[in-house]
Amino acid sequence: MAVSPSPYQTEASEYVLSDEVVAKIKQLAAQFPQRNSAMLPALHLIQDQFGWIPPATIPQLAQLLHTTPNRIYGVVTFYTMFNLKPVGKYHIQVCRNVSCSLLGAKHIIEHLSRKLKIKPGETTKDKKFTLSLVECLGACGMAPVMMINDQYYENLDAKKVDAILKSLK
Amino acid sequence: MIEQKKILTRHVGVKGMEKVENYERDGGYIGLKKALEKTPQEFVEEVKKSFLRGRGGAGFPTGFKWSFLPKEKDRPFYLICNADEGEPGTFKDRVIMEHDPLLLIEGMTIAGYATRSDLGFIYIRGEFKWIAEILERAIQNARNANYLGKNILGKGFDFDILVMRGAGAYICGEETALIESLEGKRGQPRVRPPFPANVGLYGCPTIVNNVETFACLPFIARQGAGTFKLMGTFQASGTKLYGISGHVNKPGVYEFPMGTNLKDMIQYAGGGVRNGKRLKAIIPGGVSAPILKADEIDIAMDFDSCIKANTMLGSGGIIVMDEDTSIPEVAEAAINFFVHESCGQCVPCREGLQKIQQMLSDLMNGKGKKEHIDQILTLSKTIGGATLCPLGDAGSMAIYTMITKFRDEFEALVTNE
């Protein structure tokens with residue numbers, strides 16, 4: 001029987017948690033009544049370091065949290081915010097749910113698609129932009145809304161989107 | 001004319017409210033000081049008397065929820081603030097956290113005292129990173145002023161708060177899924193009983209309340225249950241944050257006494273339907289609340305009146321739709337949301353919602369048959385009550401009402417008959 005290679009061992013050398021991230025995860029693990037509560041905050045830190053969760057970092061985190069890589073993998077795949085594939089320098093996430101779609105989210109998505117020449121779910125060739133669609137960012141009163149990396153952009157129209165894209169170097 | 005009553009939103013737009021000295025200047029922390037003069041049990045009774053009901057959507061009386069905690073304390077008790085708001089139409093808790101973080105923190109500290117909790121957590125949706133940072137700073141300021149930490153105000157009460165960001169899973173707003181997530185797991189709801197008040201976080205007694213619920217406590221502690229009850233209705237006191245979005249002139253978060261008329265709210269606060277269009281429908285309490293037709297909106301916005309009108313107050317997230325809105329399109333956005341957010345644990349929700357999504361999408365693409373419409377209705381009824389948590393119910397109920405109330409729009413999509 002063929003054994004499939006472990007998903008965690010790819011390009012291991014490239015993806016080593018920084019000393020700073022390791023120290024922060026250790027501090028978080030000690031801060032909570034139970035070590036495993038540091039899981040989500042730790043994954044956020046890893047994503048901050050690499051822009052995504054490289055599979056090779058999962059065994060490293062497992063060691064710090066005294067758990068198994070598979071359990072972490074299960075967590076990573078459950079939560080939408082964790083990217084198991086690299087994203088562009090700017091990850092654009094556009095809300096497409098009710099309040100935003102009532103106020104033209106569709107046009108914003110089409111506009112972005114046209115401008116960046118990618119479909120939702122894709123990354124530009126120069127790896128600068130990734131376009132994703134998300135379900136409700138909790139900013140319905142300021143619809144339509146998108147998020148680029150950690151920042152919200154609200155009350156969007158095509159002109160505003162153009163200005164925002166232009167400002168991203 | 002209706003008037004806003006600003007208890008929870010009085011500091012909106014005021015700068016520097018994360019600093020203790022600014023917060024204190026306006027009566028901040030008087031509530032905590034007064035609460036600490038009572039025994040925890042006395043304060044629980046006060047909250048029961050106030051008839052404060054949970055603002056997360058279910059409307060369960062807060063004081064009664066607290067009294068399900070064990071009498072004996074043989075394990076640590078935990079207190080959790082549910083700040084995972086993410087139901088389409090809902091954007092109210094962020095207003096409190098962004099503009100008046102210490103109001104939430106004072107409320108949690110009061111609740112921590114009343115529930116004899118050892119530690120509090122704020123579980124905030126992952127995307128609100130900047131708000132989590134505001135909260136962290138405000139918590140540190142409260143610690144520096146001895147409003148958090150050891151021996152708070154010399155009363156021998158120890159309490160602290162940790163902030164944790166979620167990671168984009170709506171289901172973590174369900175309290176047992178939230179607890180799983182705080183334990184570092186996939187956010188899948190637990191089987192109940194046991195209830196969190198007995199077996200919650202780390203297997204210990206745990207109370208989970210919404211941001212807005214906690215934010216009501218400083219007022220109740222400072223002014224008393226009687227004054228709180230003067231606002232709102234007999235069955236639901238206090239004020240409520242209503243988030244108005246969609247086709248209105250002035251979308252935003254507004255604070256009104258519980259039971260304020262929906263029609264008036266749209267007219268006066270929301271500024272009416274934009275572009276002079278006519279109203280078609282309103283979703284009154286987040287996308288899971290059954291839709292109301294334009295002639296059904298003359299209702300009081302409180303828990304019981306909404307139930308009487310066959311909908312629900314939910315989170316108070318009001319979505320307004322004008323005459324040009326396609327209800328099937330709204331239904332499609334709604335079902336996409338619930339399919340995406342289903343945790344996948346219960347078959348009726350996981351498979352049933354996907355099947356509804358497929359049939360709706362077929363209808364939208366001109367491939368649907370008339371019988372599919374009835375199949376969606378049957379399936380919706382089948383999902384209801386067959387799952388561990390209310391997500392399946394919410395999704396199916398929302399679609400069910402959209403179809404029964406606007407059936408002609410769905411039938412118009414059938415082309416091949």
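Predicted model: local features only at pLDDT ≥ 70, side-chain atom pairs only at ≥ 80, totals over all residues.

Trainee: Which residues in α1(A) are buried, then?

Mentor: A:Val21, A:Ile25, A:Leu28 and A:Ala29.

Trainee: What covers the buried residues of α1(A)?

Mentor: The cover includes α2 and α3 of chain A, with α3 spanning 57-65.

Trainee: How far does α1(A) reach, first C-alpha to last?

Mentor: 18 Å, over 13 residues. That is close to the 18 Å expected at 1.5 Å a residue.

Trainee: Back to α2(A). At what angle do the axes of α1 and α2 of chain A cross?

Mentor: Roughly 170°, and the axes come within 10 Å. Angles over 145 degrees count as roughly antiparallel, so α1(A) is roughly antiparallel to α2(A).

Trainee: Which residues meet there?

Mentor: From α1(A), A:Val21, A:Lys24, A:Ile25 and A:Leu28. From α2(A), A:Pro41, A:Ala42, A:Leu45, A:Ile46 and A:Gln49. By class, the contact has seven nonpolar residues, one polar and one charged. A:Val21, A:Ile25 and A:Leu28 are also among the buried residues of α1(A).

Trainee: What about A:Val22, why does it count as partly exposed?

Mentor: A:Val22 has 17 C-beta neighbours inside 10 Å, so it counts as partly exposed. It lies in helix α1 of chain A.

Trainee: What does A:Val22 touch?

Mentor: A:Leu17 and A:Leu64, leaving out residues up to four places away in sequence. A:Gln60 is 9.2 Å from A:Val22, C-alpha to C-alpha, though they are 38 residues apart in sequence.

Trainee: New topic: chain B. How many residues are in contact between chain A and chain B?

Mentor: 35 residues of chain A with 48 of chain B. On the chain A side, α2, α4 (69-78) and α5 (98-102) each supply at least two residues. The largest share, five residues, comes from α2(A).

Trainee: And how does the chain A side that touches chain B split by class, in what numbers?

Mentor: It has 20 nonpolar, twelve polar and three charged residues.

Technical notes: Residues numbered from 1 in each chain as written. Chains lettered and ligands numbered in written order. Axes fitted to C-alpha atoms, helices over the stretch in contact; angles between N-to-C directions. Helix = DSSP H or I, 4+ residues; strand = E, 2+ residues; numbered from the N terminus. Parallel < 35°, antiparallel > 145°, perpendicular 65-115°, else oblique. Contact = placed C-beta atoms within 7 Å. Nonpolar A, V, L, I, M, F, W, Y, C, P; charged D, E, K, R; others polar. Expected span 1.5 Å × (residues − 1). Buried ≥ 20, exposed ≤ 12 C-beta atoms within 10 Å, placed from the backbone.
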